[in-house]
Amino acid sequence: MRVPSARPVPHDGDVVLRHRDDDAPGNAVSFLVEYQGRVAGTVEVRHIGGGTGELSWAVLPEHRGQGVAARAVRLMIRYAFDELGLHRVAAYADPDDRGWLRTAGRAGLRREGVVRAAGERGAQSSGQHCAERHDRVQLARLVTDPEPTSRDGFIGVLNAGLPTKRTIAQGLIRNSAHEILLCELTYKQEWDLPGGVVDPHESPAHALIREIREELQVEMVPRSLVAVNWLPSWRGWDDAMLCVFDLGVDDHVIARARLEPRELRALHWCNLDDVQRSAAAYVTRMLRRIGHQTEGTAYLEDGSDPSW
């Protein structure tokens, strides 16, 4: 961490940071936060190596809800980049502390993920202190990130904090006997439709084309979207959106296919009774429902029409 040659006084209007050297460790820079001439809290950055600093802050109750914390943290971050030569600052928070997370976002810190069991909550039990482990949200800002008050900075923070949902793309391939192609997989017992998880920045249709090419060595193009099926959490998997595309009738796809051995054991033509015996229950429900769809795209939940 670079040591500044002078001791600048970071300020933003009536929010001023004053150096405090009394109890800060050697790898930390700590400030008192003044608001309208009164002490309003503290803010600190601790160098943890590799050009990275860890932020912490606290604001007195009477000064909360006025934007003081966000302005002070923004000043601290700018000081860390400009004066200390850091290229990244990070902070960690209780996932349920919405006020803290809101301050972090307004200071330009982007959510990066959850660090499991990284924090402790103290509790008293029979006169003894017992620590309960809990998750912490990790947020960070890079020196190259745009200012949070800019359009790009605002979108970057908001986009990083919004929830993401897993998307799966699968294809419905039939033969002339109206049987459906199912894949016997190496990594789970249940057979399934061909396809897979959509990668970031990839459309569901292009993901299906890629998966068919990678796992079957066959080129196929989706004709239409047959169903969108919301899948609730299941056997340790988070919920997901499943897009099922019509890949047409192809009696010879099994003969043409060259299977990826790490993913697929075999391909099978199945009627609905076969599907019920070999696939997950929601697949059977979904395929039975799709069979009654005469036009358009069906919206399903766990393979069935939703009950509103």
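**The chain as a whole**

The model is predicted, and its protein chain holds 7 helices and 15 strands. The radius of gyration of the protein chain is 27 Å, which is well over the 19 Å that the globule rule gives for 308 residues, and the chain is therefore more spread out than a compact globule. Taken along the principal axes, the box that the C-alpha atoms fill is roughly 80 × 50 × 40 Å.

Of the 308 residues, 43% count as buried, while the accessible surface of the chain comes to about 17200 Å², with 49% of that surface belonging to carbon and sulfur atoms. Among the contacts with a separation of 6 or more, 59% are made by residues 24 or more positions apart. The chain carries 38 positive and 44 negative side chains, and the centres of these two sets lie 3 Å apart.

**Aromatic pairs**

How many aromatic pairs does the count give? The count comes to 4 aromatic pairs, and the table sets out two of them.

| Pair | Distance between ring centres | Angle between planes | Arrangement |
|---|---|---|---|
| Phe-31 and Tyr-79 | 5.1 Å | 85° | edge-to-face |
| Trp-234 and Tyr-282 | 6.3 Å | 75° | edge-to-face |

Because planes over 60 degrees apart count as edge-to-face, the 85° between the rings of Phe-31 and Tyr-79 places that pair in this class. The pair links distant parts of the chain, since Phe-31 belongs to strand 3 (residues 28–35) and Tyr-79 to helix 1 (residues 68–82), 48 residues apart. Both Phe-31 and Tyr-79 are buried.

The rings of Trp-234 and Tyr-282 have their planes at 75°, so this pair is edge-to-face as well. Trp-234 lies in the loop between strand 12 (224–231) and strand 13 (240–249), whereas Tyr-282 lies in helix 7 (residues 281–291), so the pair ties together parts that are 48 residues apart in sequence. Are these two residues buried or partly exposed? Trp-234 is partly exposed, with a relative accessible area of 33%, but Tyr-282, at 13% relative accessibility, counts as buried.

**The surroundings of helix 7**

Tyr-282 is one of the buried residues of helix 7, and the others are Val-283, Thr-284, Met-286, Leu-287 and Ile-290. An α-helix has 3.6 residues a turn, so residues three or four places apart point the same way. The buried residues of helix 7 pack against several strands, namely strand 9 (166–174), strand 10 (180–185), strand 12, strand 13 and strand 15 (298–301), and also against helix 6 (272–278).

Definitions and conventions
Residues are numbered from 1 along each chain as its sequence is written. This is a predicted model: local features need pLDDT of at least 70, side-chain atom pairs count only at pLDDT 80 or more; totals for chains, interfaces and linings use all residues. Side-chain values use heavy atoms; hydrogens and water are left out. Helices (H or I, at least four residues) and strands (E, at least two) are DSSP runs, numbered from the N terminus. The radius of gyration is taken over C-alpha atoms; the globule rule is 2.2 Å times the number of residues to the power 0.38. Buried means under 20% relative accessible area, exposed over 50%, partly exposed in between (1.4 Å probe, protein chains only). Contact means heavy atoms within 4.5 Å. Accessible areas come from the Shrake-Rupley method with a 1.4 Å probe; for residues, only the protein chains shown count as cover. Lys and Arg count as positive and Asp and Glu as negative; His and the chain ends are not counted. The place of a charge is taken as NZ of Lys, CZ of Arg, CG of Asp or CD of Glu. Rings of Phe, Tyr and Trp (its six-membered ring) pair if their centres lie within 6.5 Å; planes under 30 degrees apart count as stacked, over 60 as edge-to-face and the rest as tilted.
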